[in-house]
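Here are my notes on this one, as promised. Have a look at the model first, then go through the points below.

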Amino acid sequence: MKRLLSILLCFVSLSVFANEPAGEGAKAEGFNPGEMILHHIGDSHEWHWLATDNGNFTTYLPIIAYRPNKGVSVFSSEKISNGEAEGAAKEYDGLKLEHEHLVSTDGSKVYDFSITKNVAGLIGSAILMLVVFTLVASGYKKNHGRAPKGIQSFFEPIIVFIRDEVAKKNIGPKYERYMPYLLTVFFFIWFNNLLGLTPGAANLSGNIAVTMVLAVMTLIITLASSNKYYWAHIFATPGVPKPLLPIMIIVEVIGIFTKPFSLMIRLFANITAGHIVVLSFISLVFIFKSWAVAPVTLAFGLFINVLELLVAVLQAFIFTLLTSMYIGGAVEEHHDADMQMGYDDGSASTHAH
Amino acid sequence: MLPAFLSPELGLIFWQLVIFLLVLFLLAKFAWKPILLALKEREDNIEGALRMADQAKIEMQQLKAGNEKLLADARLERDRMMQEATQMANQHREAEKARATAEANTIIQQAREAIQTEKNAALAEVKNTAAKLSLDIAERILRRELTDPAAQTQLVDSYLKDVKLN
């Protein structure tokens, strides 16, 4: 293992050296792994499936822009797509793309509500989830009072696990009303983590906007279901001397927001980091332009990919677990121990890799 | 300014919010609710069935214990009755034996007494007969004594022959 690690480190440092002249010299021709990776984990206004010598296979997605002075404009991204071409950006209806960022030519404000690659992926995963889980639900209708079958028996243990080990244990007797959110968030993250690992698909759960929305929803649900014990713990933390209370109140109030913030960063960083590592190993081939590097790329790429399959379910589980812990802390009746509240403070750094 | 991949885009936030809430609502209504209900129902069913099985087991045990008690009681009763019957039979036999012995003794006693009486009577009669016979013989001897002593002896013999000693 140590030897493998040293080889890995060797290649990583080599790639840095190999990268440098390309960045300085022939920029148009040279392969820039950093740019390629950021392009792959980022969002885009077109869905680029694959590139061959004969051209690119791209689906152009609709652009929906709102400008306060001009109103809403909808058109295909083909009209302003720059593709691989260099030089002046294409313009349409006073709009152009600057590094996949929609801006207006006259510098006025643009609100971009385009169906980007991530939004398209989001719609796809939403439809997939709806189909899968209505199928599972129909299994319960069909096999009523009998043992589960097929897809139903695959998802049942997972649903039962979320209910018994995550919701019941951390929220307590009031767990039932939070089950829909916990199940949806778990499967949403898991499905999108797996879809994000699929070549050519959108990197949705590694996008900070997506994880931010999920974290904010957890925050809103936590605050909406909080009882007086929760607030008593924040504004009059039991066991804290009076003179220290002003400091504790500040710490606890910040704590309300750091918890969802850690949720957002953890999921985003884990998925993004995984993608960067996989893409880095793939980049080695293009950096060295040699067959000799293929076994290393293949071995490490495969290893990281399999690891990412584990991380996909692990991160979905951690997000759901921590969400149910925060909710559990908010609905808990007797707030004598702050085990639930303080649980995340130390574990946040250990989960992120 | 944050790098592009670290700054959340307004459009994606909007779509994520809308689509996630839509998925949450639809799944809650058409998937999670029926699934969780069915799971709960099945678990309740299984729990109920297990409880009923336990109860049936306890009832069976109670029934079995009752049966065994009944059987043991019956066995005890039978033993008791057997013992009583044996005792009664024994008593009866003893009593019967005692009665028979007593009766036999009485009969023997009576027989003895009767024999004694008969014997006495017989002896008395023998005595009387012997006396009467002696007298008769003496009388006849006295009547014919003079004629022939041989005849006398013959006569005595013939008389003696006539006398049948019962």
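**Notes on the predicted complex**

1. How many bridges join β3(A) to β4(A)? There are six, between strand β3 (residues 62-67) and strand β4 (residues 71-76) of chain A, and the two run antiparallel. They form a hairpin, with three residues between β3(A) and β4(A).

2. Now the contact between the chains. Chain A puts 38 residues into it and chain B puts in 28. On the chain A side, the elements giving two or more residues are α2 (33-41), β8, α3 (117-142), α4 (151-171), α5 (179-197) and α6 (208-224). Which of these gives the largest share of that side? It is α3(A), with 13 residues. Sorted by class, the side of chain A that touches chain B has 26 nonpolar, nine polar and three charged residues.

3. A closer look at α4(A), one of those contact elements. Its 21 residues should span 30 Å at 1.5 Å a residue, and the end C-alpha atoms are 28 Å apart, so the length agrees. The buried residues of this helix include Phe155(A), Ile159(A), Ile162(A) and Val166(A), and also Gln152(A), Arg163(A) and Asn170(A). Just after α4(A) comes Gly172(A), with a positive phi of about 95°.

4. One backbone angle to check by eye: Lys289(A) has phi near 50°, which is positive although the residue is not glycine. In general, most residues other than glycine have a negative phi. Lys289(A) sits in the loop between α8 (245-288) and α9 (294-331) of chain A. Is Lys289(A) buried or exposed? It counts as exposed, because it has 9 C-beta neighbours inside 10 Å, and the cut-off for exposed is 12 or fewer.

5. On the annotations: the unreviewed UniProt entry places "transmembrane region" features in chain A at residues 119-140, 178-198, 204-224, 244-261, 267-288 and 300-327. I looked at two of them. Residues 178-198 of chain A are 90% helix and 0% strand, with the end C-alpha atoms 31 Å apart. For residues 244-261 of chain A, the figures are 94% helix, 0% strand and 25 Å between the end C-alpha atoms.

6. For chain B, UniProt (unreviewed entry) places a "coiled-coil region" at residues 39-105. In the model, that span of chain B is 100% helix and 0% strand, and its end C-alpha atoms lie 97 Å apart.

7. Finally, confidence. The predictor gives the complex an ipTM of 0.81 and a pTM of 0.72. Chain B averages a pLDDT of 88, with 94% of the residues scoring at least 70.

Terms used
Residues are numbered from 1 along each chain as its sequence is written. Chains are lettered from A and ligands numbered from 1 in the order in which they are written. This is a predicted model: local features need pLDDT of at least 70, side-chain atom pairs count only at pLDDT 80 or more; totals for chains, interfaces and linings use all residues. Two strands pair if DSSP finds at least two bridges between them. Helices (H or I, at least four residues) and strands (E, at least two) are DSSP runs, numbered from the N terminus. UniProt positions are given in the numbering used here, feature names are shortened, and annotations may be inferred rather than shown by experiment. Two residues are in contact if their C-beta atoms, placed from the backbone, lie within 7 Å. Ala, Val, Leu, Ile, Met, Phe, Trp, Tyr, Cys and Pro count as nonpolar, Asp, Glu, Lys and Arg as charged, and the others, Gly among them, as polar. A residue is buried if 20 or more other C-beta atoms lie within 10 Å of its own, exposed if 12 or fewer, and partly exposed in between; C-beta atoms are placed from the backbone. pLDDT is the predictor's confidence in each residue, from 0 to 100. The expected span of a helix is 1.5 Å times one less than its number of residues.
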